[in-house]
Amino acid sequence: MALSLYVDTARWRAHQKSVLDQFPGLVPVCKGNGYGFGHERLADEAIRFGSDMLAVGTTYEAARIKDWFSGDLLVLTPFRRGEEPVPLPDRVIRSVSSVDGVHALVGARVVIECMSSMKRHGVKEEELGQLHAAIEDVRLEGFALHLPLDRTDGSDAVEEVIGWMDRLRAARLPLHTMFVSHLRAEELGRLQQQFPQTRFRARIGTRLWLGDHEATEYRGAVLDVTRVVKGDRFGYRQQKATSDGWLVVVAGGTSHGVGLEAPKALHGVMPRAKGVARAGLATVNRNLSPFVWAGKQRWFAEPPHMQVSILFVPSDAQEPKVGDELVAHLRHTTTQFDRLVDH
């Protein structure tokens with residue numbers, strides 16, 4: 001009995017193809033938990049559609065994935081002088097976000113990250129003059145820009161990239177390849193048309209692997225069902241049942257990521273009001289689970305355990321049976337499944 005990730009493989013791969021067709025030269029991203037699919041599976045998919053490069057988050061991920069993917073591996077986390085050395089093959093390319101970092105990577109293959117409006121990391125405009133001497137000692141694979149997802153100030157992503165292209169050109173730095181993140185296909189097309197001598201390569205993860213929400217589904221298997229009446233005590237904390245119904249033990253607990261949620265940026269009055277309401281319910285131990293039964297998301301009976309969750313299903317709903325599977329609305333990037341089922 002398991003928390004399973006079901007993948008409609010034909011549909012999932014059809015979506016991959018649609019993204020690949022829109023972004024020629026795309027660099028697939030495989031970082032974190034492999035977007036819920038795992039590193040090995042995404043490496044296999046990248047090989048299947050013929051990618052020459054795979055982007056990973058860290059050197060530790062590169063050390064694992066190198067045995068599953070034989071092409072180039074681009075590490076997205078920038079190099080820092082003094083970091084723990086990880087043995088890696090020559091086909092690994094390091095991102096660098098400082099002139100000092102370039103100087104420290106003599107002989108290495110590098111992509112130099114420029115400081116975008118994200119303001120996360122990157123070489124600044126005033127430092128470009130110092131790069132001339134620094135890049136003579138490395139194998140420069142290109143420059144990169146990691147752009148924001150939202151532009152609340154009305155600014156244009158293409159104009160931001162053009163601005164950096166002009167700065168790099170003015171500094172007489174090579175512009176053979178520019179890696180970009182979070183551009184639409186038509187925006188990438190505009191850039192390629194304006195700079196035909198530069199190869200633009202989009203680094204894409206979420207849109208490639210998770211863009212079709214209907215292609216995947218998490219399901220937790222029912223392990224036990226126990227009838228309770230109002231007032232019965234149950235669970236680790238011996239709380240009382242608030243009404244008649246069933247305690248349903250379902251596969252999927254904190255070790256899977258159930259009950260763990262990444263913070264969300266809330267926009268608008270209604271989402272904020274819902275957030276306040278959820279917080280208020282949580283203070284009286286009322287937390288909505290991600291598991292769905294009989295068309296409704298069901299409440300946790302108590303906080304999820306390590307590998308299972310206990311739900312409360314009221315008596316006016318159909319009784320779940322051992323072996324049933326409950327659909328679970330889980331975030332791929334924070335979930336670890338027990339098994340993946342292609343169908």
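Select residues 15-153 to begin: over this stretch the chain is 28% helix and 20% strand, and its end C-alpha atoms lie 31 Å apart. Helices here are DSSP runs of H or I with at least four residues, strands are runs of E with at least two, and both are numbered from the N terminus. An unreviewed UniProt entry annotates residues 15-153 as "domain: Alanine racemase N-terminal"; such annotations may be inferred rather than shown by experiment, and their positions are given in the numbering used here.

A word on what is on your screen: this is a predicted model, in which local features need pLDDT of at least 70, side-chain atom pairs count only at pLDDT 80 or more, and totals for chains, interfaces and linings use all residues. Residues are numbered from 1 along each chain as its sequence is written, and side-chain values use heavy atoms, leaving out hydrogens and water.

**Stop 1: the sheet**

Now colour the strands. You will find an open sheet of eight strands with parallel pairing, in the order β2-β9-β8-β7-β6-β5-β4-β3. Its edge strands, β2 (27-28) and β3 (53-56), each pair on one side only. Two strands pair if DSSP finds at least two bridges between them.

Zoom in on β7 (residues 139-146) and β8 (residues 177-181): they run parallel and are joined by four bridges. Pick out histidine 146, and you will see serine 181 of β8 opposite.

**Stop 2**

Next, select helix α7 (residues 185-194), which lies across β8 and β9 (199-204) and runs at about 160° to β9. Axes are lines fitted to C-alpha atoms, for helices over the stretch in contact, and angles run from 0 to 180 degrees between N-to-C directions.

Which residues make the contact? Show Ala157, Val158, Val161 and Ile162 of α6 with Glu187, Arg190, Leu191 and Gln194 of α7; contact means heavy atoms within 4.5 Å.

**Stop 3: α1 and α2**

Finally, select helix α1 (residues 9-22) and helix α2 (residues 39-48), whose axes come within 12 Å and cross at roughly 60°. That makes α1 oblique to α2. Thr9, Trp12, Arg13 and Gln16 of α1 meet Arg41, Leu42, Glu45 and Arg48 of α2 in this contact.

Definitions and conventions
Parallel < 35°, antiparallel > 145°, perpendicular 65-115°, else oblique.
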